[in-house]
Amino acid sequence: MTSTEERPERSVPKPVFTDAEAGAKEFPDSGPGARRYNYFKPAKRKQTHYEDVTVEVQPDPRHYLTQGWIYGFADGSRGYPLTWTKLKAWGVDDPEPERGPGSGGKPIENWPAHGWHEFRDPNEEWELTMYRNNANVVRQVTQNVENARNAKAFEQWTQNWVRFVERNVGAWMHIEHVLGLYVFAGCNRSGPTNMHNTAMVVNSEHKIRFAQDLALYNLTLSEEIEGFDGSAHTAAWNSDAEWQGVRKVVEEITAIEDDWGEMIFATNIVFEPLLGELFRSNLVMQSAAGNGDYVTPTVMGAGEYDFAQRDLRWTVAAFAPLTQDREFADHNKQLFDSWTAKWVPKCLEAARTMQPLWSQPDAKPPRFEDSLDRAKSRFAGILSDLGLEPPKELNQ
Amino acid sequence: MSRQSLAKAHQKIQELSWEPQYHEPYMKYGTDYTFRKAAKKDPLKQVLRSYFPMQEEKDNRVYGASDGAIRGNMFRQVQERWLEWQKLFLSIIPLPEISAARSMPMLFQAVPNPELHNGQAIQMIDEVRHSTIQQNLKRLYMNNYIDPAGFNNTLRNFHSDYCGTIGRQFAEGFITGDAITAASIYLTIVAETAFTNTLFVAMPAEAAANGDYLLPTVFHSVQSDESRHISNGYATLLMALSDEDNRQLLERDLRYAWWNNHRVVDAAIGTFIEYGTKDRRKDRESYAEMWRRWIYDDYYRAYLLPLEKYGLVIPHDLVEESWNQIWNKGYVHEVAQFFATGWLANYWRIDGMTDEDFEWFEYKYPGWYDKYGKWWENYNRLAKPNGHHPIVAEDVDYVYPHRCWTCMVPCLVREDMVVDKVDGQWRTYCHEACRWTDAEAFRPTYQGRETPNMGKLVGHREWETLYHGWNWADVVSDMGFVRDDGKTMTAQPHLDLDPKKMWTLDHLRRMPHVASPNVILNEMSDADREAFVADYNRQGPAGRPADATS
């Protein structure tokens, strides 16, 4: 027979019926019209979930930030200065409201006060989307590689292709990593609005993830292919002549002085079509199948999709309005033109130093000149989307 | 994750570390600290191939719980007293989170060890998660809680309100000035390692006790990321300690960061936990008890003290003084009383304290009733409009305080208030440590040493200055803290939603005008100012005027 011992009552909070749910009472602000964020103007008729979680999180003294920024850098700059790029959106030269004793808050009613605030990321990225998208990519890439491993697909590769992948596909990981960390992550402190800076973070995630995808693919190949040199990518990146041109350009982009706009433009508008897609799409993905490799294009393709369908999309949405800007269109066009004049020759020179790579595989890809023409044509199309003309340097 | 082990995968991605060969990256953010390049291990050991699915899974749990809360009618059991304070907290916190993301590139440049940059990049991504998931939580409250006012105009409120400005230190302080002071010491070493314990662990527990299990769902998920960030801070701190020249700066920055975090976080979270709860079980921990456990024991004794052997000069005096402020000087009670005094300048409703609350406070903080009880009785008496002014303009033995120029919390422990003429302006400070922060630490030289990268305290730091001479109705209207009928105030000093019991702009028109204490201070003669300081230091507790006979 068992006896039940009396246990002292546990000390826990007691549920209480409070009836504090929406609609329980009527009072000013109790209606459905009061149940939306009302402090910003949506880009379209109805505000989006993306806008609700990003817009106005980064404050602006021209809007509601009545006490102003409260910390400054040693040189006196504070907050997110609009001068951290030479690009200009309408309204940026208008003075901030002057506040002082008895001034009141002076919130600007006619909002936005300048054109930067009109930007919305067309990909509508926030935490939910960025984890879903990237998790899907890593699952797919992992499954593709795992399937190839199980099918012994790497055994079909020619020796030359093995060498090509270990050195050249491997070398590309460094480029994605540097651009991801030191351009896109690096610039996320600099943009004028939360929407710009969040888009830069997401772009950075794509690049860093892609770099790691390539590194881990390289590790798998080291495990699966006898004689595959898992360190050759570093040697290629550090000293192969074919890679030094592109490395110089990548490093020079990180060295751009104090202009997030130029960094993003040089990377996503100039570098990516002329060098990134040239290598990824027009060389690696075109030549792999002929060399018995159906796996590498799936890894490369995941990164390519991020650029072509997401990263380029936000960049065009951020920059295209600037060439039509009601106040600074000419200023911005001249600036963009000067940037293309500066970066196109560097990228074309780097592309030509990569040319010997087109001769390395046994089964040859399309001719280098054809690949380059395709890349140039793609670049000209992007410029056209931005409202810009192809520079004369493109004919080099 | 593939069959590759995480350790092997992590080792592999170290091969991505970049040493520039042709061009050095542009160094936008300066620091006065010096770092020697040395091989360092990435403390996070995160690989994105496992990170993204892991975070997605965490998200699935959070959003599943959110859905469950709505379907299960959670809001029928939520305490309004509690959720009203979330209008303040959730208006503030998304900016500090996103600012933490923005601060990570400052560390890429200041800390020349590429192995650490991987962990910092992961933190950057985490912080975007935190900011947007918190904006989303607030959106859910707005949609489902009885009173959406204050949630629906949340970021306008935060940007224009003095409480928001106090909270903004916990954001701008991460991203401005010396990169290491801001992004490492202030953010990761002190804010994340010490004070997120009360923010993201203690406070959610209190939320659950008040019928709100969504705040714990979101914030415990957030806190599971924070533990990674703590490792980032530790790795940078150890690197900084390896150079003797950094020790003077570390001592300065720890003093500033500790004291500022105490002033800001203890003011806000202390108030939420002690005055925002309906859970008055005697055996539930008070904020002081939580602070002693989470901050004094877990952070100060278990984390900071062992670093002394590496040469870190720990601000023992300020740690003990913070405890003294909380336990002996009633810091949290003084702040809560001030919030309630100035209810009309804010955008949430503040419930009065009841006999049950009084009993709990007296049990947890012996002597509480003698100091604060009478004032809270007056608060209840004056809660509903009945021909009188809001409490701030009534005679309830309370002297409206001056603001601290540094932390911007009012100088509530009156005996500690000091004044100084800095940058040509007379300023009040809540404590000598805050005076030191403005007058000595945030300067281009520190103890004779050039500190050209140190930031500055700027802006209109006293909120009342902007509205000096204004009618209160116009102040509230200018800030936008008005409901959709155009006259009923968002804020109320009670929880009754009967429109007849709610304050409107019309009630405020008859009040005396707002007067800026700092403007008045700067108009005083030297003799008047000295007399003012002597009188102020004799005031309190609970804001009582100085005894005329003493």
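Of the 396 residues in chain A, 62% count as buried, where buried means under 20% relative accessible area, exposed over 50% and partly exposed in between, with a 1.4 Å probe and protein chains only. The structure is a predicted model, in which local features need pLDDT of at least 70 and side-chain atom pairs count only at pLDDT 80 or more, while totals for chains, interfaces and linings use all residues. Residues are numbered from 1 along each chain as its sequence is written, chains are lettered from A and ligands numbered from 1 in the order in which they are written, and side-chain values use heavy atoms, with hydrogens and water left out.

Chain A contains 10 helices and one strand. Helices (H or I, at least four residues) and strands (E, at least two) are DSSP runs, numbered from the N terminus. The order along the sequence is α-β-α-α-α-α-α-α-α-α-α. The C-alpha trace of chain A spans about 90 × 75 × 40 Å along its principal axes. Contact means heavy atoms within 4.5 Å. Among contacts in chain A with a separation of 6 or more, 78% join residues 24 or more positions apart.

The interface with chain B was examined next. It brings 114 residues of chain A into contact with 122 residues of chain B. The size of an interface is often given as the accessible area lost when the parts come together. Here the area buried between chain A and chain B is about 10,600 Å², and carbon and sulfur atoms give 58% of that area. Buried area is the accessible area (1.4 Å probe) that two parts lose on being put together, summed over both. Gln67(A), Ile70(A) and Tyr71(A) supply 9% of the area that chain A buries against chain B, more than any other three residues.

The rule finds six salt bridges between chain A and chain B, each a side-chain nitrogen of Lys or Arg within 4 Å of a carboxyl oxygen of Asp or Glu. Glu127(A) forms a salt bridge with Arg129(B), with the closest N and O atoms 3.4 Å apart. Elements giving two or more residues to the side of chain A that touches chain B include α1 (49-54), β1 (71-72) and α2 (127-150) of chain A. The largest share of that side, 19 residues, comes from α4(A).

Strand pairing also links the chains. Two strands pair if DSSP finds at least two bridges between them. β1(A) pairs with strand β5 (residues 456-457) of chain B in the antiparallel sense, over two bridges. Gly72(A) stands opposite Lys456(B) in β5(B).

Within chain B, strand β1 (residues 418-422) and β2(B) pair in the antiparallel sense over five bridges. Val422(B) stands opposite Gln425(B) in β2(B). Their hairpin has two residues between the strands, and Asp423(B) takes a positive phi near 50°. Four of the five residues of β2(B) (residues 425-429) are buried, so this strand is largely enclosed by the rest of the structure.

Gln77(B) lies in the loop between α2 (48-71) and α3 (80-92) of chain B. With 38% relative accessibility, Gln77(B) counts as partly exposed. Leaving aside neighbours within four places in sequence, Gln77(B) is in contact with Pro15(A), Val16(A), Thr18(A), Asn210(B) and Gly211(B).
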